[in-house]
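These are my notes from going through one structure, entry by entry.

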Amino acid sequence: MSAAPAVVVIGGGPRGTGVIERIAASAGELYGDAPLDIHLVDPYPPGGGRIWRPDQSPLLWMNSMAEDVTMFTDETVEPAGPVVPGPALDAWADDVRAGRVTPDADPAVLAEIHALTGTDFPTRRLQSAYLRWTYRRALAALPPGITVHEHRTTALAVSGPRGARQHVRLQGRAEPLLADLVVLTVGHLDAEREPEHARLGDFARRHGLVHLPPDFTADSDLDALRPGEPVIVRGFGLAFIDLMVLLTEGRGGRHEGGVYVPSGREPVLYVGSRRGVPYHAKIGYSWTGERPPLPRFLGPEWAEKVLRGKRPVDFRSDVWPVVVKELGHAHYHRLFTSRPERTALDHAVFAEKYAAADPGSPELAGLIAEAVPDPADRLDLDALDRPLDGVRHGSPEALQEALRAYITDDLARRHDPEHSEDLAVFLGLLSAYAQLVRLGDTDPRWHGFFSHLASGPPGPRLRQLLALSRAGVVRFLGAGLTVETDEERGLFRARSTTVPGASTEARALVEARLPDPSLRHTASPLLRALRDDGAAITDTGLLSVDPADSRVLDREGRPHPRRFALGPFTTARASGAFTRPRTGGPAFRQNDAAARAVLTFLRDLSCRADRAS
């Protein structure tokens, strides 16, 4: 009796879970009741994987409200396979409270689940329980002939000819797994040190200093940062927020009524970045009323036209103007429909002229100025993205006051439904991201822009940042941050363009960001081997995959018949492995396409084998 066909899924986090869920959804249609072995390889618990593992500090939160998190498809995803509804995170918590669901969670996490509301920002360990339940539900939905085998180890390499079974070498196992197909869903990557970080690390070792390179904050050795000492922090995104929390509340400090009460064990964090400001706060209200029609100008037809072009796509000239027009459409549609008193033209007249005007043209700018009298009601993406460009302060203290005022104003606006055009722009960003994924390796600045506007921290975290600033535990450095080394004095020195002439010296430097998702610098032996085996890599180091079904491309552009890859390290990178309900979820659509390609390949393989016998 021949062995059952086998698929190896490398990566058991939410992306791998999503692929298994989609296999379960389409198996009856495409594969029937034939036997199939799925081998799931990950050293961390399946469902959450490394990033969403259960053994994390309860101080680490998600940056999405519970009602904005789902692992399940709906009709907006438009998958080729069946839509299989399931609960968003807040509805799942309701099911737990009602006794309809029994989660795999310890008593502390179970208490969090019972207290959860839709507008809460859950802890990451709570999300881990939701993801674990989603994984188990996917297993239960598989036909009886499909068996999942879990391997709690690391995949080291995939080898094998294009037309034959693949060999997946595992750490701690002498014999490789044999696979008819391999699906890589490894998520975020560890990286070897880039040349600059290697130079800074060597400098730190020579002088007895501390340099923490880009890493997952929860995995960094923060014990090396000593109480009371200054620490230069380069990066003001979500990794900084995690760092801030772990070095303050995580060391015994506490927040009381908007005031931070220190424990005395905190270092002093001097934080800056290219922008010099934190990400915009997550919007703190829900949508009501008419939604802007999306996509409008940046839709599938536009993406197909761009892909059919005869010259390489230039993001700044070909794509960015259309992104600006699309986000403007969302912004002004909401302004006209919810706050018509702040406009000076009939909405239908404005919409017709807006559609006719070329992206980025003087005619479009003139129309907006005519229709929206108050500049404060107009969408200014440059100001939103780079609020400190051209701003100069005479002293570090002046910057502290100014940046606290900026964060306070941002918090107020992002929690005020009177400015719900901001939420419309957020929806426009999600829609635009879903289309730009189809273009492959877009300009890295797009991902930074998206994260700055759409993936910021919860409002309570920025209120804590304000309290820490007032307490002197956090100090702002400004924009255009540069860090230099002083060999003579054995120190790091930071400067910014925002406070000319000022500098900050410290014996510790932290790079507060995730490693770049580049296969050029990856520390993963699996992906290094894939790269060296002929897989195509883009100029920015992403793994090239077929946009149709996520098969890995070789350097001649040929899809590998037996290898698939999904995740942030690929050209089909989506905004997240889970998503907001009813927003299209490009990751879900990619999972669906890959799962159906897997099942179709295996079905056809079995048919050929039957004919041969």
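I counted a salt bridge wherever a side-chain nitrogen of Lys or Arg lies within 4 Å of a carboxyl oxygen of Asp or Glu. The model is a predicted one.

**Entry 1: salt bridges**

I ran the count with this rule and got 49 salt bridges.

I looked up Asp95 and Arg100, whose side chains form a salt bridge with an N to O distance of 2.8 Å. I checked the accessibility of each partner. Asp95 has a relative accessibility of 16% and so counts as buried, the cut-off being under 20%. Arg100 is at 59% and is therefore exposed, since exposed means over 50%.

Next I took Arg562 and Asp180. Their closest N and O atoms are 4.0 Å apart, and they form a salt bridge. I placed Arg562 in strand E19, residues 559-565, and Asp180 in the loop between strand E6 (177-179) and strand E7 (181-184), so this pair ties together parts that are 382 residues apart in sequence. I noted that Arg562 is buried at 7% relative accessibility. Asp180 is buried as well, with a relative accessible area of 7%.

I found Arg489 in the loop between strand E14 (482-486) and strand E15 (491-495), and Glu505 in strand E16 (residues 504-506); the two residues are 16 apart, and the pair links distant parts of the chain. Arg489 is partly exposed at 49% relative accessibility. Glu505 is partly exposed at 29%.

**Entry 2: helix H5**

I went over H5, residues 195-207. This helix has 13 residues and spans 19 Å from its first C-alpha to its last, close to the 18 Å expected at 1.5 Å a residue. I asked myself which residues of H5 are buried. They are His197, Leu200, Gly201, Phe203 and Ala204. Looking down the axis of H5, I saw the buried residues fall within an arc of 160°, so they line one face of the helix. On the face turned away from the buried side of H5 I listed the exposed residues Pro195, Arg205 and Arg206.

**Entry 3: the second largest pocket**

I read off a volume of about 960 Å³ for the second largest pocket. I counted 37 residues in its lining, and those closest to the pocket centre are Ala434, Gln435, Arg438, Pro586 and Arg589. I sorted the lining of this pocket into 18 nonpolar, eleven polar and eight charged residues. Helix H7 (300-307), helix H13 (421-436) and helix H17 (586-612) each give at least two residues to the lining. I also asked where the largest share of the lining comes from. H13 supplies that share, with five residues.

**Entry 4: Thr408**

I located Thr408 in helix H12, residues 396-414. Thr408 is partly exposed, with a relative accessible area of 40%. I then took the C-alpha separation of Thr408 and Leu462, which are 54 residues apart along the chain, and got 8.5 Å.

Conventions. Residues are numbered from 1 along each chain as its sequence is written. This is a predicted model: local features need pLDDT of at least 70, side-chain atom pairs count only at pLDDT 80 or more; totals for chains, interfaces and linings use all residues. Side-chain values use heavy atoms; hydrogens and water are left out. Helices (H or I, at least four residues) and strands (E, at least two) are DSSP runs, numbered from the N terminus. Buried means under 20% relative accessible area, exposed over 50%, partly exposed in between (1.4 Å probe, protein chains only). On a 1 Å grid over the protein atoms alone, a cavity is a set of points where a 1.4 Å probe fits but cannot get out, and a pocket is an open set with protein on both sides within 12 Å along at least five of seven lines; lining residues have an atom within 4 Å of a point. Grid points are joined across faces, edges and corners, and a volume is the space filled by probe spheres set on the points. Ala, Val, Leu, Ile, Met, Phe, Trp, Tyr, Cys and Pro count as nonpolar, Asp, Glu, Lys and Arg as charged, and the others, Gly among them, as polar. The expected span of a helix is 1.5 Å times one less than its number of residues. The arc is that of the directions from the helix axis to the C-beta atoms.
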